[in-house]
Amino acid sequence: MKSILLPCCLFAAIFAATTIAEDKPLQLARLAPDVHPESSATPGAWQALNPKKLKLQSAAALVVDHNGNEVYAKQVDEPQPIASITKLMTAMVILDGSLPLQERITITKEDRDLIQLTGSRLQYGATLTREQLLRLALMASENRAANALARTWPGGKTAFVQAMNRKAGSLGMQASHFADPAGLDPGNVASARDVEKMVRASLAYPLIRKSTTTRSISVYPYKGRGPLRYSNTNRLLKNDAWSIQVSKTGYLNEAGRCLAMQAKIADRQLVIVLLNSYGKLTPFGDSNRIRQWIERGIDG
């Protein structure tokens, strides 16, 4: 028993220290379940849930508790495009690299989206700090911000994408591959199980947690001009019924609507992954269905 408790306690201590040191995120090579006082009671609570009562519209769905117990699973092993959920990996790689967050970066033509041909409010010449670009990429899914972060990585975008895939490997994301930093390339694929690992790893980075749960921010990328105001792409943050610790949305025609997050439901921390949903509001509707299914099921 002591041999089992010791690694768990060590992991809890490392995780706690990481959350205190905001500017020193931990690079996780392996994932282990959090130590939690509810751990012995949780599996019994999940047995009270009837998965046949949960009707989700997302093609793939996974709900996992803080101990790694599977609460609900649907098509969770098949790799598929994950769109802008990719930006969680982009953020982790940037923070692992310990590049100066207050360094100012200017948007150039190299940061254009030449894959999906999406637009951007960050015009050529817009200048923000690396931290501001990181925040915009995470909370507002700003594609030029993500591309600029990769372009200014030592060795450029190619080296950055290689670092993304190395990070995925270190996290045990065996059914994943990354092709660009913004998630615009349909070649960015992962299984729902792998996305769950990525979400859990991102919790070790205070800047990612804060950025992905901030409702809106204003930035000043142009001299002599007013602010640009950006809003979070996860509308659940506006709902007081939700307590969310980290989240990321994504959308491509090839990926459908995607949502990955950790949230507290019925006093339990759960990672929710929803992939390949069709309809702009479908992931949010599925999230509410999951929350109600758990709350009603556990309460009897």
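Modeller: The following account begins with the model as a whole and then turns to the sheet and its surroundings.

This is a predicted model, in which local features need pLDDT of at least 70 and side-chain atom pairs count only at pLDDT 80 or more, while totals for chains, interfaces and linings use all residues. Residues are numbered from 1 along each chain as its sequence is written, and side-chain values use heavy atoms, with hydrogens and water left out.

The protein chain contains nine helices and 11 strands; these are DSSP runs numbered from the N terminus, helices being H or I of at least four residues and strands E of at least two. Of its 300 residues, 52% are buried, where buried means under 20% relative accessible area, exposed over 50% and partly exposed in between, with a 1.4 Å probe and protein chains only.

The open sheet has five strands in the order β2-β1-β11-β10-β9, paired antiparallel; two strands count as paired if DSSP finds at least two bridges between them. At the edges stand β2 (70–74) and β9 (243–252), each with a single partner strand, so one side of each has no neighbour in the sheet. From one strand to the next the twist averages 10°; axes are lines fitted to C-alpha atoms, for helices over the stretch in contact, and angles run from 0 to 180 degrees between N-to-C directions. In general, strands of a sheet pair through backbone hydrogen bonds, either parallel or antiparallel.

Six bridges join β1 to β11 (residues 268–277) in the antiparallel sense. Within this pairing, A60 stands opposite L275 and L62 opposite V273. β1 also runs antiparallel to β2, with four bridges between the two, and there V63 has Y72 as its bridge partner. β1 and β2 form a hairpin with four residues between them, and G68 in the turn has a positive phi of about 85°. Six of the six residues of β1 are buried. Both of its faces are covered, with A60, L62 and V64 buried on one side and A61, V63 and D65 buried on the other.

Helix α7 (residues 192–202) lies across β1, β2, β9, β10 (256–265) and β11, and runs at about 135° to β11. Contact here means heavy atoms within 4.5 Å.

A pocket is found on a 1 Å grid over the protein atoms alone, as an open set of points where a 1.4 Å probe fits, with protein on both sides within 12 Å along at least five of seven lines; lining residues have an atom within 4 Å of a point. About 670 Å³ of space lies in the largest pocket, the volume being the space filled by probe spheres set on the points. Of its 30 lining residues, the closest to the centre are S141, T233, T249, Y251 and R257. The largest share of the lining, four residues, comes from β9.
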